[in-house]
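Here is a friendly walk through one protein model, written for reading alongside the structure. Please keep the viewer open as you go.

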Amino acid sequence: LSHVRSAQLEVLELKEDSISFLLSNTDTSVANALRRVMISEVPTLAIDLVEMESNTSVLHDEFITNRLGLIPLSSSCVNEFNYTRDCRCLERCRDCSVEFQLSVRCTEENATLDVTSRDLISDHPDVRPVDGGDEEGGEEYVGSERKPGILIVKLRKNQEVKLRAVAKKGVGKEHAKWSPVSTVTYQFEPDVRVNYARMEELTSEQKREFVASCPTKVFKFDEKSKMVEIEDMRRCVNCNECVEKAESFNPPRPDLVAVGQSDDRFYFTVETNGSLKPEEIVLFAFQQLKDKLATIQQNLQGEMQGGTEGLDPF
């Protein structure tokens, strides 16, 4: 290769459910590949099989099954499990699946009982609905006294839901229920440059008007120095309001400010649905990219050696 770049990552903000970071010294193809992998190829656990024993609620079995599948499960231990297609068992086992039990019946006369993700009881200590906390499900509560959770169905007197659910390992490109993120976005780093020589030609009032023209408050006016400063370039959304304002002055000053974007620096925002920590999603995604590139390299080496048999599909 004539030019090899080494990508760099800087974490800007890390919260319990999101992470923001700057990916630099790379190009759009890598940034978009990373985004797509985080959405569709980072493995998690999700309910994939439901065996309904009793359902006298107002919802059909298929409706409840679909709602169960979309409940995020804590999946930090996902690498301990095999994909069902790769497991040596005949149907399912503890190496490729986690079993949940749910059994709720409403016995109160004039109360509505909420069946939530808190009622799912797991046979694995590290795999639970993400809102499950440290307490066991299955306690008796009435109406509004029930603990919070992801709502599955509501029951009235003598209605019952009893089932067994099996969670399996999968990725988002198979079904959205396995995607670990609620959203992943990236944007080019804005490149805003002010011509300070031309800025000095403006009056203080014109400078204030210029600063006020930006809807995202990229600029600020220093009352002491009477200078326009860039407060936060990341806020720029390329609306060009500042450029239009500069052109509206008399005389027009089209060279007062230049707004563009860097083609090798990207701001990422990743929000998790709770199945994985945000930093785990990023690390797993990079590992997936490395594995894919290793597969490509192996296939290319095989072709260069003159053999085409046994090449793995990408």
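## Aromatic rings

Phenylalanine 266 counts as buried, at 0% relative accessibility; buried means under 20% relative accessible area, exposed means over 50%, and partly exposed lies in between, with a 1.4 Å probe and protein chains only. This is a predicted model, in which local features need pLDDT of at least 70 and side-chain atom pairs count only at pLDDT 80 or more, while totals for chains, interfaces and linings use all residues. Residues are numbered from 1 along each chain as its sequence is written, and side-chain values use heavy atoms, with hydrogens and water left out.

The structure holds five aromatic pairs. Rings of Phe, Tyr and Trp (its six-membered ring) pair if their centres lie within 6.5 Å; planes under 30 degrees apart count as stacked, over 60 as edge-to-face and the rest as tilted. One of the pairs joins tyrosine 186 and phenylalanine 268, which are stacked at 5.3 Å centre to centre with 25° between the planes. This pair links distant parts of the chain, with tyrosine 186 in strand S9 (residues 181–194) and phenylalanine 268 in strand S12, 82 residues apart. Helices (H or I, at least four residues) and strands (E, at least two) are DSSP runs, numbered from the N terminus. Tyrosine 186 is partly exposed at 22% relative accessibility, whereas phenylalanine 268 is buried at 1%.

Why is the pair of phenylalanine 188 and phenylalanine 266 tilted? The ring centres of phenylalanine 188 and phenylalanine 266 are 5.2 Å apart and their planes stand at 50°, so the pair is tilted. Phenylalanine 188 lies in strand S9 and phenylalanine 266 in strand S12, so this pair ties together parts that are 78 residues apart in sequence. Phenylalanine 188 is partly exposed at 25% relative accessibility. Ring pairs link Phe21, Tyr186, Phe188, Phe266 and Phe268 into a cluster.

## Serine 262 in strand S12

Serine 262 also has its place in strand S12, and at 16% relative accessibility serine 262 counts as buried. Which residues does serine 262 touch, not counting residues up to four places away in sequence? They are Phe188, Glu189 and Asp191, where contact means heavy atoms within 4.5 Å. Serine 262 and glutamine 187 are 75 residues apart in sequence, and 9.8 Å separates them in space, C-alpha to C-alpha.

## Isoleucine 47 and its surroundings

Isoleucine 47 sits in strand S3 (residues 44–55) and is buried, with a relative accessible area of 2%. Leaving out residues up to four places away in sequence, isoleucine 47 touches a set of residues including Leu68, Leu73, Phe100, Leu120, Val166 and Lys177. Leucine 73 is 26 residues from isoleucine 47 in sequence and 8.4 Å from it in space, C-alpha to C-alpha.

## Salt bridges

Side chains of opposite charge can pair when their charged atoms come close. A search of the whole structure finds 27 salt bridges, each being a side-chain nitrogen of Lys or Arg within 4 Å of a carboxyl oxygen of Asp or Glu. Lysine 177, one of the contacts of isoleucine 47, meets aspartate 48 in a salt bridge (2.9 Å, N to O). Lysine 177 lies in the loop between strand S8 (160–170) and S9 and aspartate 48 in strand S3, so the pair ties together parts that are 129 residues apart in sequence. Lysine 177 is buried, at 16% relative accessible area, whereas aspartate 48 is partly exposed, at 37%.

Glutamate 229 forms a salt bridge with lysine 220, and their closest N and O atoms are 3.9 Å apart. Glutamate 229 is partly exposed at 28% relative accessible area, and lysine 220 is partly exposed at 37%. Elsewhere, Glu51, Glu91, Arg92, Glu99 and Arg164 are linked in a network of salt bridges.

## Helix H5

Helix H5 (residues 241–248) has Cys242, Val243 and Ala246 buried. These residues cover an arc of only 100° around the axis, which puts them on the same side of H5; the arc is that of the directions from the helix axis to the C-beta atoms. The cover over the buried residues of H5 includes helix H4 (204–212), strand S10 (219–222) and strand S12 (257–272).

A salt bridge also joins the side chains of lysine 245 and glutamate 209 (3.6 Å, N to O). Lysine 245 is in helix H5 and glutamate 209 in helix H4, 36 residues apart. Lysine 245 is partly exposed at 24% relative accessible area, as is glutamate 209 at 32%.
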